[in-house]
Amino acid sequence: MNNTDIKQTENKVQEWHCPECNHPVYLHQVFCDKCGHKLDIDWNEKKKKQ
C-alpha cells in the first residue's frame with residue numbers, strides 16, 4: 001500500500017491524489033495523468049472503503 005492521499009469533499013465523494021504532484025487521480029488509474037508517477041494503489045481495497 002502506498003501513501004496516496006484520500007480527501008473527502010463536502011458532498012462526501014472521495015477523491016484520490018497523486019503522492020508526487022497532488023493531481024486528482026481516478027478509480028483504476030495506473031499512472032498519474034499530469035506527472036506520469038506510477039500509482040501503486042489497490043483499487044479493490046479503496047472501493048470497499050467508500
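Before the surface entry, I noted how it is computed: accessible areas come from the Shrake-Rupley method with a 1.4 Å probe. With that, I looked up the protein chain and found an accessible surface of about 3,800 Å². Carbon and sulfur atoms hold 45% of that surface. I also noted that this is a predicted model.

Next, the elements. I found one helix and three strands in the protein chain. Read from the N terminus, the order is β-β-β-α.

Then burial. Of the 50 residues in the protein chain, 22% are buried. I looked up the largest nonpolar core and listed seven residues: Trp16, Cys18, Val25, Cys32, Leu39, Ile41 and Trp43.

I picked Cys32 from that core. Leaving out residues up to four places away in sequence, Cys32 touches Cys18, Cys21, His23, Val25, His37 and Leu39.

His37 came next. Where does His37 lie? I found His37 in the loop between strand 3 (24-25) and helix 1 (43-49). Is His37 buried, exposed or partly exposed? His37 is partly exposed, because its relative accessible area is 25%, and buried would need under 20%.

Cys18 is 19 residues from His37 along the chain, yet their C-alpha atoms are separated by 7.5 Å.

Last, the rings. I found zero aromatic pairs in the structure. Lys38 does lie over the face of Phe31, at 5.9 Å from the ring centre.

Notes:
Residues are numbered from 1 along each chain as its sequence is written. This is a predicted model: local features need pLDDT of at least 70, side-chain atom pairs count only at pLDDT 80 or more; totals for chains, interfaces and linings use all residues. Side-chain values use heavy atoms; hydrogens and water are left out. Helices (H or I, at least four residues) and strands (E, at least two) are DSSP runs, numbered from the N terminus. Buried means under 20% relative accessible area, exposed over 50%, partly exposed in between (1.4 Å probe, protein chains only). Rings of Phe, Tyr and Trp (its six-membered ring) pair if their centres lie within 6.5 Å; planes under 30 degrees apart count as stacked, over 60 as edge-to-face and the rest as tilted. A charge sits over a ring if NZ of Lys or CZ of Arg is within 6 Å of the ring centre and within 35 degrees of the ring normal. A nonpolar core is a set of buried Ala, Val, Leu, Ile, Met, Phe, Trp, Tyr and Cys residues joined through side-chain atoms within 4.5 Å. Contact means heavy atoms within 4.5 Å.
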